[in-house]
Amino acid sequence: MLDGMAAAIKEMNPDIVSLIRIVILEKLVFQAFRSELDNRCQQDDVQNWFSFLGFSKQPRKKILDMYLGSSSSTSPRDQTDELPEGAKWAIEDESGELLELCLLDKEADTKKELSLDMSTKDGKRFTVNLKTREATECLTGKSYKMKNMATESDGVSSPLSLELPPHWEPMIGQHFKKVELDPKSPEYQEVANNFHKTTSYNIHKIERVQNVYLWHAFSICRRRILSKNGEADLGERFLYHGTSAKSCKTIERDRFDRNYAGQHAAAYGKGVYFAVHANYSATSFSLADESGLKRLYYARVITGRYTVGNSTMKAPPPRGADPTDCFDSLVNHQVQPVIFVIFHDDQAYPEYLITFS
């Protein structure tokens with residue numbers, strides 16, 4: 001049987017490999033297989049083969065894991081535990097399906113190693129390079145680009161796992177991070193250039209806000225509006241929101257709060273206000289701190305379908321006879337609006353904080 005396995009690996013025949021896995025699931029066959037494998041692992045003439053496959057350490061266990069898709073400490077028929085959970089990454093296979101990767105070493109994540117051994121739920125093993133974000137399949141040598149997946153607080157992937165932005169820094173074991181952008185980076189230049197289209201203020205720094213929970217909430221809201229409206233009326237855009245220094249922590253760690261509506265302006269509805277042009281928010285609604293620094297957010301907002309608002313509106317009105325089919329936001333003008341008002345906290349994500357004077 002081991003000879004047949006060696007041939008299957010050499011020929012990269014997935015049908016033979018799958019058949020071997022099925023046969024081994026028989027308990028008596030498994031016991032004989034493990035005994036024979038123990039004997040062969042002691043022979044010098046197979047060590048080169050193990051090294052070629054990357055199995056120089058614990059070859060018997062690794063081969064059993066590879067073919068059974070589970071731990072080799074017990075018989076497959078008696079095995080009930082899955083591979084260690086805590087997957088924070090996934091690969092996209094040829095069909096476009098996302099396959100979550102699970103750590104094989106529970107302590108590897110705490111060590112923050114750049115190279116990890118991981119596996120998919122069906123037992124395929126990968127060597128993962130977190131620096132290059134590539135996962136290389138041990139059997140075939142084929143490499144896949146990894147996608148950073150969000151996790152719940154206990155480290156177990158959510159059933160509604162959503163992809164984090166690819167330009168974010170890794171969020172291993174973290175749910176919130178602020179990253180100051182390099183002024184020479186294209187990301188910084190793009191945000192700064194948009195800001196300076198309508199202002200002449202001096203930028204002190206631009207920070208990217210990485211909040212897993214807020215991003216998830218925003219992503220789910222985006223899916224809801226996309227499902228309701230379709231791509232043409234999604235209305236995803238970057239808008240400005242001026243604020244004070246003391247409000248930044250609340251916005252970044254919780255969300256834009258509609259409870260503050262009316263403190264500064266509510267001409268088009270009692271919601272959260274965003275402006276198309278930076279000068280409107282920077283001049284009127286960005287309050288200077290004791291050192292004279294001002295702040296505003298360059299936020300990602302889902303405006304959807306909109307209509308002109310007024311000061312009495314506490315929510316967007318229905319679009320027609322169906323009271324459940326409402327507009328998604330309010331504006332100052334129906335044609336080429338420059339002010340948008342939203343009423344769902346999750347409709348906006350505070351992507352960048354610009355500090356200026």
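W168, W215, F218 and Y349 form one aromatic cluster, in which rings of Phe, Tyr and Trp (its six-membered ring) pair if their centres lie within 6.5 Å. The model is predicted, so local features need pLDDT of at least 70 and side-chain atom pairs count only at pLDDT 80 or more, while totals for chains, interfaces and linings use all residues. Residues are numbered from 1 along each chain as its sequence is written, and side-chain values use heavy atoms, with hydrogens and water left out.

**Aromatic pairs**

- The count comes to 15 aromatic pairs.
- The ring centres of Y201 and F356 are 5.0 Å apart with planes at 55 degrees, so this pair is tilted, a class between stacked (under 30 degrees) and edge-to-face (over 60).
- Y201 is partly exposed at 24% relative accessible area, whereas F356 is buried at 0%; buried means under 20%, exposed over 50% and partly exposed in between (1.4 Å probe, protein chains only).
- F256 and F274 have ring centres 5.1 Å apart and planes at 80 degrees, so they are edge-to-face.

- I203 touches Y188, A192, F195, H196, I354, T355 and F356, not counting residues up to four places away in sequence; contact means heavy atoms within 4.5 Å.

**Cysteines**

- A search of the whole structure finds 0 disulfides (cysteine sulfur atoms within 2.5 Å).
- C138 is partly exposed at 23% relative accessibility, whereas C248 is buried at 6%.
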